[in-house]
Amino acid sequence: MLGVWVCVVLLVSNASGSLRSAVVGGHDAERGSWPWMVYVYIMEGPMTQPCGGSVITDQWVLTAGHCIYEPPKLLNPDPETSYVRLGEWKLKKPIGEKVKIQRFILHPDYKSAAGINNMPYNDIALLQLESRISFNSYISPVALPGPRDNINPHKCWVTGWGNVKEKLKLTGDRTLQELQVPLQDDAICRTMYPKVTKGMLCAGYLEGGKDACQGDSGGPLVCESFGVFVQVGVVSFGEGCARANRTGVYTRVEHYLPFIKDTINTYSSF
């Protein structure tokens, strides 16, 4: 198990993959609609890295690996200045609960997008918070995948505060955006991105126009199962944003349940 104090810059790229940051084609979410949604703010000196994340226990937030480590620019997140905001809604009018991050845990086999194929591999990380979360109607954990789930691939949603188009930031009050996206078959995913692994999945519209984008990285992709939302993915990368035949690629949460459970069991201490 590897604990790393690290960070990342999200890149917009015309190559095979670009790390993600915001929702294209979405709309404003109602306050409290997605109570597990977390605004993650990573700092290393003058460098800042905003991402999304999700509450999974009263100590832990799930996010993307590249949100806390992406060489060569950002390598060591500062626990004194990095934080999460729980129950956040409008970034220009913050009302969320600010909590510092005690520990950054990167997947031990993470490979950054700067390496082979311009794609991040094992793109998942956990943030242990400095204090326990008190749950309420605006802050509560999301369910993780289980063997008895019956995921509806047409009732899935991605949320975030990222760009609304390639290189176009979310403006106004910067209200949390939500977007319904369908899961894509693994065979179609491999057609779009031949180097995807079992730890990845694709979601979005083949015709383009709606997608996660730069700034949404680390945020949750949730799908309905028996009327409950289950987190099936973590926003990871894609080619541009909302392009035809280039849906978003997400870290497949189910594949990394052993990492998540082992990390929580190892480091939970209060």
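## Salt bridges, strands and enclosed spaces

Arg243 counts as partly exposed at 23% relative accessibility, where partly exposed is the range between buried (under 20% relative accessible area) and exposed (over 50%), computed with a 1.4 Å probe on protein chains only. The model is predicted, so local features need pLDDT of at least 70 and side-chain atom pairs count only at pLDDT 80 or more, while totals for chains, interfaces and linings use all residues. Residues are numbered from 1 along each chain as its sequence is written, and side-chain values use heavy atoms, with hydrogens and water left out.

Arg243 forms a salt bridge with Glu239, the term standing for a side-chain nitrogen of Lys or Arg within 4 Å of a carboxyl oxygen of Asp or Glu. Glu239 counts as buried at 18% relative accessibility, and salt bridges that share partners join Glu239, Arg243 and Arg246 into one network. The whole structure holds seven salt bridges, including the pairs in the table.

| Salt bridge | N to O distance |
|---|---|
| Asp173 and Lys93 | 3.5 Å |
| Asp186 and Arg252 | 3.0 Å |
| Glu239 and Arg243 | 3.7 Å |

The pair of Asp186 and Arg252 links distant parts of the chain, with Asp186 in helix H1 (residues 186–192) and Arg252 in strand E17, 66 residues apart; helices (H or I, at least four residues) and strands (E, at least two) are DSSP runs numbered from the N terminus. Asp186 is partly exposed, with a relative accessible area of 35%. Asp173, which pairs with Lys93, is also partly exposed, with a relative accessible area of 27%.

Both Asp186 and Arg252 belong to the lining of the second largest pocket, together with residues including Pro145, Asp149, Leu201 and Glu254. This pocket has a volume of about 260 Å³, and its lining divides into six nonpolar, two polar and four charged residues. On a 1 Å grid over the protein atoms alone, a pocket is an open set of points with protein on both sides within 12 Å along at least five of seven lines, a cavity is a set where a 1.4 Å probe fits but cannot get out, and lining residues have an atom within 4 Å of a point. Volume here is the space filled by probe spheres set on the points, which are joined across faces, edges and corners.

There are two cavities of 30 Å³ or more. The largest cavity has a volume of about 80 Å³, and of the 13 residues that line it, Gly32, Trp34, Gly87, Glu88 and Leu176 are the closest to its centre. The second largest cavity has a volume of about 50 Å³, and strand E17 (248–252) gives the most to its lining, with three residues.

Trp34 and Leu176 are also among the residues that Thr159 touches, not counting residues up to four places away in sequence, a contact being heavy atoms within 4.5 Å. Thr159 lies in strand E11 (residues 151–160) and is buried, with a relative accessible area of 2%.

In strand E7 (residues 60–63), Trp60 and Leu62 point one way and Val61 and Thr63 the other, and all are buried. Strand E7 pairs in the antiparallel sense with strand E6 (residues 47–55) over two bridges, pairing requiring at least two DSSP bridges between the strands, and a hairpin joins E6 to E7 through four residues. Strand E7 also pairs in the antiparallel sense with strand E10 (residues 125–129), over four bridges, where Leu126 is the bridge partner of Leu62.

Definitions and conventions:
Nonpolar A, V, L, I, M, F, W, Y, C, P; charged D, E, K, R; others polar.
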